[in-house]
Amino acid sequence: MTTLAVYSIKGGVGKSTISVNLTVLPAMAGQRTLLLDLDPLGSSSYLLDVKPKKSHDATALVKGGKQLTKQIQATSFSSLDVLPSSTAYRYLSILFDAKKHSHHRLEKRLEELSTTYDLIIIDASPTMSLVSENVLYASDILLVPVIPTPFAVLAYDQLLGELERLEQKDTRVYMVVSMLDRRKKLQVETTRELLQRKEALQTVIPFASEIEKMGEIQKPVVTSNAKGKGATAFRGLYGELVPYLRQRSPSERTGKKE
């Protein structure tokens with residue numbers, strides 16, 4: 001199983017639209033996929049038209065077991081499930097902090113799902129907290145969307161500094177330029193500079209009306225407008241990430257020896 005987190009300390013960078021489309025694409029290819037919506041705002045859950053059950057609260061991610069699995073919901077895509085957001089996730093750091101191994105609680109919870117899913121994608125909250133540290137330790141890949149503007153680049157560099165402080169060398173970090181408006185010269189120039197960074201993926205997610213429309217129709221753009229530039233960009237991004245997504249053998253899927 002591979003765990004990929006879409007994370008930024010800056011909000012409004014297209015994190016949820018990236019999470020949803022990146023989750024749908026492998027599911028459509030037959031990969032058993034789970035979207036974990038850790039953002040209390042619940043944008044990813046909303047975009048996939050999944051509402052949390054009345055019993056859903058933050059303790060499911062603390063205790064795990066049946067309390068966690070019963071909160072997972074199916075979607076209209078046969079291989080895609082969602083663990084939806086909860087407003088109670090605002091207090092998740094407090095709940096983690098009250099437990100032993102507080103930085104690795106999420107990692108332990110996701111290990112419980114390792115024989116069920118090929119890929120878990122986390123839509124992480126745009127904060128620097130104990131929850132975000134849990135996301136880092138639990139993830140094989142950290143994908144950071146960056147809008148090509150000075151403040152967004154500054155926030156990204158601050159995040160890199162935080163990752164260096166945590167000394168988590170097992171997580172691969174990639175940056176993707178997001179919401180590029182090619183009508184703006186500064187954004188085009190900044191994009192050119194960002195793409196030269198060693199951790200930069202070369203696919204650029206455009207600022208496009210069909211991506212914005214996802215919030216209205218509650219459908220991923222890769223299915224609602226499959227030939228549009230937004231969908232083309234998300235497929236390109238997924239294609240760049242595929243070599244880093246570990247494929248499991250049949251024995252790993254079932255937990256039995258071949």
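In which helix does Thr190 lie?

Author: The model is a predicted one. Within it, Thr190 belongs to helix α9, which covers residues 185-194. Thr190 counts as buried because its relative accessibility is 11%, and the cut-off for that class is under 20%. Apart from its neighbours within four places in sequence, Thr190 makes contact with Pro148, Thr149 and Val153. Its C-alpha atom is separated by 20 Å from that of Ile18, a residue 172 places away along the chain.

One may turn next to the helix that spans residues 15-28, namely α1. Helix α1 has 14 residues, and the distance from its first C-alpha to its last is 20 Å, close to the 20 Å expected at 1.5 Å a residue. Of these 14 residues, 13 are buried, so α1 is largely enclosed by the rest of the structure. After α1 comes Gly30, with a positive phi near 95 degrees.

The sheet is the next element to consider. It is open and built from eight strands in the order β3-β4-β2-β5-β1-β6-β7-β8, with mixed pairing. At its edges stand β3 (73-74) and β8 (200-206), each of which pairs on one side only. Helix α1 packs on this sheet, where it touches β1, β2, β4, β5, β6, β7 and β8, and its direction makes about 170 degrees with that of β5. Another helix, α13 (residues 229-241), lies across β1, β6, β7 and β8 and runs at about 165 degrees to β8.

The pairings within the sheet can be followed strand by strand. Strands β1 (residues 2-6) and β5 (residues 119-123) are joined in the parallel sense over five bridges, and Thr3 stands opposite Ile120 of β5. Strands β2 and β4 also run parallel, with four bridges between them; here Leu36 has Leu83 in β4 as its bridge partner. By contrast, β3 and β4 run antiparallel and share two bridges, with Asp81 in β4 as the partner of Ala74. Five residues separate β3 from β4 in the hairpin that they form. On β4, Leu80 and Val82 point one way while Asp81 and Leu83 point the other way, and all of them are buried.

For Leu106, when residues up to four places away in sequence are not counted, the residues touched are Leu36, Leu38, Leu61, Phe96, Ile122, Asn134, Val135 and Ala138.

Glu133 is placed in helix α7, which comprises residues 130-138. Because its relative accessibility is 15%, Glu133 counts as buried. Beyond its neighbours within four places in sequence, Glu133 is in contact with His103, Glu162, Arg165 and Leu166.

Notes
Residues numbered from 1 in each chain as written. Predicted model: local features only at pLDDT ≥ 70, side-chain atom pairs only at ≥ 80, totals over all residues. Heavy atoms only, no water. Buried < 20%, exposed > 50% of the residue type's maximum accessible area, 1.4 Å probe, protein only. Contact = heavy atoms within 4.5 Å. Pairing = 2+ DSSP bridges. Axes fitted to C-alpha atoms, helices over the stretch in contact; angles between N-to-C directions. Expected span 1.5 Å × (residues − 1).
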